[in-house]
Amino acid sequence: GDGCGHTVLGPESGTLASINYPQTSPNSTVCEWEIRVKPGQRVQLKFGDFDIDDSDSCHSSYLRVHNGIGPTRTEIGKYCGFGFQMDGLITSKSNEVTVQFMSGTHTSGRGFLAAYSTTDKSDLITCLDNASHFSEPEFNKYCPAGCVIPFADISGTIPHGYRDSSSLCMAGVHAGVVSNTLGGQINVVISKGIPYYEGSLANNVTSKVGPLSTSLFTFKTSGCYGTLGMESGVIPDSQITASSVLEWSAQTGQVNIWKPENARLKRVGPPWAAFISDEHQWLQIDLNKEKRITGIITTGSTLAEFYYFVSAYRILYSDDAQKWTVYREPGMDKDKIFQGNSELYQEVRNNFIPPIIARFFRINPLKWHQKIAMKVELLGCQFSIGRAPKITMPPPQKKNGNKNDFSDDFIHSVKTSLQTDKTPFTPEIKNTTVTPSVTKAVLVPVLVMVFTTLILILVCAWHWRNRKKKTEGTYDLPYWDRAGWWKGMKQFLPTKSADHEETPVRYSSSEIGHLRPREVPAMLQTESAEYAQPLVGGIVSTLHQRSTFKPEEGKEASYADLDPYNSPIQEVYHAYAEPLPITGPEYATPIIMDMSSHPSTPLGIPSISTFKAAGNQAPPLAGTYNKLLSRTDSTSSAQALYDTPKGQLGPGAASELVYQVPQSMAHSAGNKDE
């Protein structure tokens, strides 16, 4: 009738409205909708808005719902009223419903807008519902077909989100998560709003620029909306071809060729353009293997001086570039015509629901401005057999006259629209390939872990064994070093003085002359000396009066077994001796030599000390004493300035020289020449 407004009747859902909605419906109009779904299912009806004049008690203006179609239909209900609220759903008893709208003489009333679906869609909403109608932060709803309506608007875009005042279902169509022809399920997430919402054109829906809002909503999707390589260059130039190429010469003589590889989105420079502008031109993209293609983005020439763009096009796809299939929406017997650009700069997106699975992709321009010119990008993801969606077909119905014609036509349409020249997968292949993969995926890591653990255990055991051998006796000297260590330590121990009397140190010139340098220290140390060696290891005892070092009482003093050349040289830190008592001198009195009475003595002779060299200084003593003996022998006729050796008859004898040990200051003061 003449009272029908916005109407989309899909196979499972749809939207219908009175004429001129949401404005006042005209007088004396009538419209009748016949809704039919799959056999075995029932229809549910939900009103988004209802405003019908009830001044005559639903006599001339009303909305009536019937079970069935035709003369056999039965009435479910008759409704009218201004601002009538119907919270529940009207449910049919069969798969067919008739909705009748009658408008008599009236002065006001917007009419109605309603949505329908099969009864298995319990979360059905209408095209007028927006996010502010729901309090949950996340929810699932079913959008009916036909929610691209001229009297609703949205603000925002993906992935930033949509303003909370936007229609949920219309935004879902714009985002590409549901089809305007088929409807579908949406998963909505509410979040905090943003100050500014962008506008864009996608899937025949124009999103407007929007101001700040307290909240926004987005949609959860499968995530298969990535770019497939036109802009990035993953698709090489050789895989982009066209039916023809625009080539022309500028006034400067430069030849311009707008080649197919120029059709990359956001690429600076000219686009691809066809040499001839007709409906037989095409741009072809080879994806190298089958991909899941979920959408396409197009622009015009993007050159201000060349105002070229494509405003409408078809999509064809193929597996071998020989046999092509035109894209159609399920249930439709006509090719899908996609809305293109309305100017040369704006990016326009169109989504494919369901996705296209193919290797070769063609764009066939149908409408354009001046010339066919465009840049494109494909959206999608890799195609995996294991993740391929299963198309659930209705169970076969028994044919009974013409009642199943609608179902048969719909099934045939679905098969035709999804049919490809090559079968992408079969259940047998899927089951055969998945099971071994799962087994390998579990077995291989387990084996690797077991072998790695065994290797680590063996390495640790070997390392521990070697370390144990290396650390055994780390702080014990080897067998051949233990005796030498004791001998080396004994030379630092003080000698024992039996009678606390002066004991001279005797040096035999006849014996020293025949000794090797290494035997001199042993010879010199055969008798105990008055001066103790430096203390080692913290041994402290009583000091003698005439000693600068402390001898240790009660121990045997034996240095004859020390051979400093046979024992390892060790760095020894001597302990400090305690200071002498107050009654005695601080230092031992040295023997003073008057060098003036020896003019023949070379100046290079070093001075002689009465201190006995300790430890490693033994070898230099041999040379020193040899020099002393030589000088004494050569000057035997002269008067010696040293104290008279004890037990010697005269200063001239050289068989044995015994030098008096220096005395303390109190005893030797009278014997020295001042």
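Q: Strands here are DSSP runs of E with at least two residues, numbered from the N terminus, and two strands pair if DSSP finds at least two bridges between them. In which sense do β23 and β26 pair, and over how many bridges?
A: Before we dig in, this is a predicted model, where local features need pLDDT of at least 70, side-chain atom pairs count only at pLDDT 80 or more, and totals for chains, interfaces and linings use all residues. Residues are numbered from 1 along each chain as its sequence is written, and side-chain values use heavy atoms, with hydrogens and water left out. Strand β26 covers residues 348-369, and its pairing with β23 is antiparallel, over 9 bridges.

Q: Which residue in β26 stands opposite Ser318?
A: Look along the pairing of β23 with β26. Opposite Ser318 you'll find Phe360.

Q: How many residues of strand β23 are buried?
A: Buried means under 20% relative accessible area, exposed means over 50%, and partly exposed lies in between (1.4 Å probe, protein chains only). Strand β23 spans residues 309-318 and is largely enclosed by the rest of the structure, because the buried share of its 10 residues is 8.

Q: Which residue in β24 is the bridge partner of Tyr317?
A: Strand β24 (residues 325-326) pairs with β23 in the antiparallel sense over 2 bridges. The hairpin of these strands has 6 residues between them, and Ala321 takes a positive phi near 65° there. Over in β24, Tyr317 has as its bridge partner Thr325.

Q: Which residue of β25 does Tyr313 stand opposite?
A: β23 also runs antiparallel to β25 (residues 338-339), with 2 bridges joining them. In β25, the residue opposite Tyr313 is Phe338.

Q: How many residues apart are Glu12 and Lys121?
A: Their side chains meet in a salt bridge at 3.6 Å, N to O; the term means a side-chain nitrogen of Lys or Arg within 4 Å of a carboxyl oxygen of Asp or Glu. Glu12 sits in the loop between β1 and β2, and Lys121 in the loop between β9 and β10, so the pair links parts of the chain that are distant, at a separation of 109 residues.

Q: Which residue's side chain meets that of Lys336 in a salt bridge?
A: Side chains of opposite charge can pair when their charged atoms come close. Lys336 is partly exposed at 22% relative accessible area, and the salt bridge is 3.6 Å, N to O, with its partner being Glu329.

Notes. Helix = DSSP H or I, 4+ residues; strand = E, 2+ residues; numbered from the N terminus.
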